[in-house]
Amino acid sequence: MELQKLSNGNHHDVAVPVEGGVPPEEEKFLQHNDGGSKRAQFTDFEGKTSFGMSVFNLSNAIMGSGILGLSYAMSNTGIVLFLILLVCIASLSCYSVHLLLCSAGVVGIRAYEQLGMRAFGHPGKILAAVVITLHNIGAMSSYLFIVKYELPLVIQAFLGQTSSSDDWYMNGNYLIVIVTVCIILPLAMMKHLGYLGYTSGFSLSCMVFFLSVVIYKRFNIACPLEVFGNSSVTTTVPEDSCTAKFFTINQETAYTIPILAFAFVCHPEVLPIYTELSNPTKRRMQNIGNVSILGMFIMYFFTAIFGYLTFYENTEAELLHTYSKVDPLDTLILCVRLAVLVAVTLTVPVVLFPIRRALLQLLFPGKPFHWLRHIAIAVCLLVAVNLLVILVPNIRDIFGITGATTAPTLIFILPGLFYIRIIPTDQEPMNSRPKIQAVLFATLGFIFMTMSLTFIGIDWTSGEKRNLGGH
Ligand SMILES: NC(=O)C[C@H](N)C(=O)O
């Protein structure tokens, strides 16, 4: 692909693709000096999505199954260390969005894979597409996994049954197929991600409900826990198992970073959302990123702390399970489980969009939009994810590994490397502050990735299995 340089009279030169390689809607990404103010203009793809809807979509992309592991992470770090790590990962996540937006501004195309192409040629494009595909398929599978195991239990409890039956509506495999066909597929067929703003808003309100109940339950569940069915038996618990720790380190502390990194991944969705934004400027998109990350930071912190202050040492890797242990038939908890199910189900189509875009860029570069391709890719992806969740029993472990590798790659390594390679050295030499920061940022990603993989390795060799990174 040849790139023709245009001067935007501003900080960066803008390169416009002149032939092949990108869908026409992404061509002619121009920035021009509009009365002295920096403005980006897209002459043939006019995004129509508002600021608010984009915030909903990005927040929905951030918020997913990751939220369920946060209280557990806090129980292994203590409140203060958790808060420090949460602030660090959230800020680094915003910085990563900044790097992506700067690189996209120079390349002139708002697609993660095209940044890879510009930075490292075809291998870079393929690497970006593969990492996005693996990560987002992992995230989608983790959401459907929750549906597969939670929905039958919720139905069972609503029907007032205490044990599961052989009825089809108690079979998680049938249920995920039904949910996929009736809810996810129609949403995934939408032409633009922007249309999902309403469902994303609804998904977020379900999570707000979840958070409210987590807060409410903090004042309703007594610690030490009276496990359902055992309420008359007082279990002896260690003295300190119901006191909050401010700072603690144990074997499981190592999982905190992968859990937090996974919880903040939204980077594959950033550029597709930017493409559809109305009045798209870098600053406006950065604000969308900052507002979404800040909003989710607040929700994450409150969920983690109130969940932790309910169960303390007894917090399990998956918060919902811990509640069910107390009373599986509690109606409020059932409603919360349903709300989480709705929220994660509505996140699936948002997470599917970047995979489809990556596949389109790989398999059909430069081809205009075509409904058949658009729908066929969504159908194939959903069939594949359903089959994975139905047929692979240890899918959690598989995606535990990919989550630990792809999350740091998407947040730290690729944005850092792309920035270093894409921003011309005559503008920012290698020894300039932004470039050095980007190098450190990518290095941090490598360190996180190596750390996570080492800990999984140790865990596996010692024969234990844990729920890592939200998967
Ligand atoms: N969008 C993703 O990749 C994962 C999301 N951050 C989650 O917590 O589930």
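Modeller: Let's start at K217, which is buried, with a relative accessible area of 9%. Please keep in mind as we go that this is a predicted model. The partner to look for is D330, and the side chains of K217 and D330 form a salt bridge, with N and O 2.5 Å apart. K217 sits in helix α6, which covers residues 197–218, while D330 belongs to the loop between α10 (319–326) and α11, so this contact ties together parts that lie 113 residues apart in sequence. D330 is buried too, at 18% relative accessible area, a value that falls under the 20% cut-off for that label.

Now widen the view. Searching the whole structure gives three salt bridges. Another of them joins R337 to E150, with 2.7 Å from N to O. Here R337 comes from helix α11 (residues 331–363) and E150 from helix α4 (residues 112–158), so the pair connects parts that are 187 residues apart in sequence. R337 has a relative accessibility of 5% and therefore counts as buried. E150, at 3%, is buried as well.

The pair still to visit is E313 with K245, a salt bridge whose closest N and O atoms are 3.3 Å apart. It links distant parts of the chain, with E313 in the loop between α9 (282–311) and α10, and K245 in the loop between α6 and α7 (256–264), 68 residues apart. Turn the model to see how open these two are: E313 is partly exposed, with a relative accessible area of 37%. K245 is partly exposed at 22% relative accessibility.

What about the cysteines? A disulfide is a covalent bond between the sulfur atoms of two cysteines. The count of disulfides in this model is zero. Take C182, which is in no disulfide: the nearest cysteine sulfur, in C206, is 18 Å away. C182 counts as exposed, with 53% relative accessibility. For C266, the closest cysteine sulfur is that of C94, and the 8.6 Å between them is too far for a bond; to count as a disulfide, the two sulfur atoms would have to lie within 2.5 Å. C266 is buried, with a relative accessible area of 0%.

Technical notes
Residues numbered from 1 in each chain as written. Predicted model: local features only at pLDDT ≥ 70, side-chain atom pairs only at ≥ 80, totals over all residues. Heavy atoms only, no water. Salt bridge = Lys/Arg side-chain N within 4 Å of Asp/Glu carboxyl O. Helix = DSSP H or I, 4+ residues; strand = E, 2+ residues; numbered from the N terminus. Buried < 20%, exposed > 50% of the residue type's maximum accessible area, 1.4 Å probe, protein only.
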